[in-house]
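Here's a friendly walk through a predicted model. Have the structure open and follow along from heading to heading.

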Amino acid sequence: MPPSPMPPSPELLSCKRHLFDLPDEIAYLNCAYMSPLTRAAIEAGTNAVKAKAQPWHTSAKDFFTESEITRGLFAELVGADREGIAIVPSASYGISTAAANLPLSAGDEILVLAEQFPSNIYPWVRKAKATGATIHTVKRTSWKDAWTPAILDAITQKTRIIALPHCHWTDGSWIDLKQVSQKAKSIGAALVLDLAQSAGALPINMSEIEPDFAVAPTYKWLMGPYALGFLYVAPRRRDGCALEENWLNRKDSADFAGLVDYEDEYQPGARRFDMGERANFQLMPMAKSALESLLDWGVENIAATLRAKTDDIARRAIHLGLETGARDNRAPHFLGLRFPDGPPANLLDHLNAHNVFVSQRGTSIRVTPNVYNNDADIDRLFAALKTCR
């Protein structure tokens, strides 16, 4: 299996901690749970909340301007066209949109991963029950094994939908989406991606992968607010059925006086899939600010910087007697650590008492740094781990 992708000459970024509201004594290594906001995003959100106090300054064009700019920024980040991006409130909304628009019949199979995040499972369970299809869950012989060979082996002529993450949410084990996409195309299966744990930290290009749908909430690696996200929709799926019908996604909706002249036609591209109240005046400015920061830093550079951090953490973890997955099987920004005999009781409480914040998912300690972490954070992590054995 080829190593996870990295650009030919990425730049290692200097620490961006000064751009965040992170006290020196806090080692926050938990971006896969929820990212902090940058100070710039906080200011944008604060100004947006204050603007609601004087709504007479909000004009009709404001229902469209900021959201369209932000739609374009996300498109640029993931190598997509602006017309292919819908604005959604969550990953589950995006996956449910995909499920509602993909054909499925009795006897067909939906392929998912073992212990995949629930938001990319429950919509498919409902879809399978409604159509008579079945869920095919891919498992690995060992947690140290790579996912991609197991996925490719599991795809058959019965596979109609392949619903995957870019990397597994419990330990960051990576999936070669190019190989999966090629196999999916060869049998005519649809590919649906949950990018919650990768967009903003792991390079991805929609024009190369060509999924049918791909969703990313903003509150993790996109460093934006909660309750907002983006859905990529392939050109072949853009005339589908939206989950909800709202006035904003219809043709000529900017003409407020003409809204009583009901319109059957939608706005172009994937905008028909936009959630209601997509303008989202308080959250959208924060998402816009966050995406501008990510584009300024460069996702390739972020990935390279985080690869260096997780490599250092992995090396020190092995020295401490912890187990890690093979380097080529994990995403650069994500690391799962395991105690050979299982995690100690009250592990997270012990780490939190030392101002170290990570997650525990299954038997894995999920360590997920970002550009705001420094060497002192990693030192604090291992000082705490040494005292909890």
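## Helices α3 and α4

Let's start with two helices that run side by side: α3 and α4 count as roughly parallel to each other, because angles under 35 degrees fall in that class. Their axes come within 9 Å and cross at roughly 20°. As for handedness, α3 and α4 make a right-handed crossing.

Which residues make this contact? On the α3 side you'll find Ile95, Ser96, Ala98, Ala99 and Ala100, and on the α4 side Pro123, Trp124 and Lys127. Sorted by class, the contact of α3 with α4 has six nonpolar residues, one polar and one charged.

## The two faces of α4

Stay with α4, which covers residues 122-131, and look at what it hides: Pro123, Trp124, Lys127 and Ala128 are buried. Looking down the axis of α4, you'd see these buried residues fall within an arc of 135°, so they line one face of the helix. There's a simple bit of background here: an α-helix has 3.6 residues a turn, so residues three or four places apart point the same way.

What does the buried side of α4 pack against? The partners are helix α3 (91-101) and the strands β3 (109-113), β4 (134-138), β5 (159-165) and β6 (190-194). Turned away from that buried side is a face with the exposed residues Tyr122, Arg126, Lys129 and Ala130.

Tyrosine 122 and serine 96 are 26 residues apart along the chain, and their C-alpha atoms are separated by 8.9 Å.

## Either side of α4

Where is glutamate 115? You'll find it in the loop between β3 and α4. Is it buried or exposed? Glutamate 115 counts as exposed, because its relative accessibility is 62%.

## Helices α2 and α8

Now for another helix pair. The axes of α2 (residues 65-77) and α8 (residues 284-297) come within 9 Å, crossing at roughly 30°. That angle makes α2 roughly parallel to α8. This time the crossing is left-handed, as α2 passes α8.

The list of residues that meet goes like this: α2 brings Glu66, Ser67, Ile69, Thr70, Leu73, Phe74, Glu76 and Leu77, and α8 brings Met284, Pro285, Ala287, Lys288, Leu291, Glu292, Leu294 and Leu295. By class, the contact of α2 with α8 holds ten nonpolar, two polar and four charged residues.

In the loop between β8 (229-233) and α8 sits asparagine 280. Its phi is near 40°, a positive value in a residue other than glycine. Is asparagine 280 buried or exposed? With 18% relative accessibility, asparagine 280 counts as buried, since buried means under 20%.

## Helices α9 and α11

One more pair to visit: α9 (residues 299-319) packs with α11 (residues 375-386) at an angle of about 25°, and their axes are 11 Å apart. That makes α9 roughly parallel to α11. Here α9 passes α11 in a right-handed crossing.

What does each helix bring to the contact? From α9 come Lys309, Asp312, Ile313, Arg316 and Ala317, and they meet Ile378, Asp379, Leu381 and Phe382 of α11. These residues divide into five nonpolar, no polar and four charged in the contact of α9 with α11.

## Lysine 386

To finish, find lysine 386 in helix α11. Its relative accessibility is 56%, so lysine 386 counts as exposed. How far is it from aspartate 171? In sequence, lysine 386 and aspartate 171 are 215 residues apart, and in space they are 21 Å apart, C-alpha to C-alpha.

Conventions
Residues numbered from 1 in each chain as written. Predicted model: local features only at pLDDT ≥ 70, side-chain atom pairs only at ≥ 80, totals over all residues. Heavy atoms only, no water. Axes fitted to C-alpha atoms, helices over the stretch in contact; angles between N-to-C directions. Helix = DSSP H or I, 4+ residues; strand = E, 2+ residues; numbered from the N terminus. Parallel < 35°, antiparallel > 145°, perpendicular 65-115°, else oblique. Left-handed = near helix turned anticlockwise from the far one by under 90°. Contact = heavy atoms within 4.5 Å. Nonpolar A, V, L, I, M, F, W, Y, C, P; charged D, E, K, R; others polar. Buried < 20%, exposed > 50% of the residue type's maximum accessible area, 1.4 Å probe, protein only. Arc of directions from axis to C-beta.
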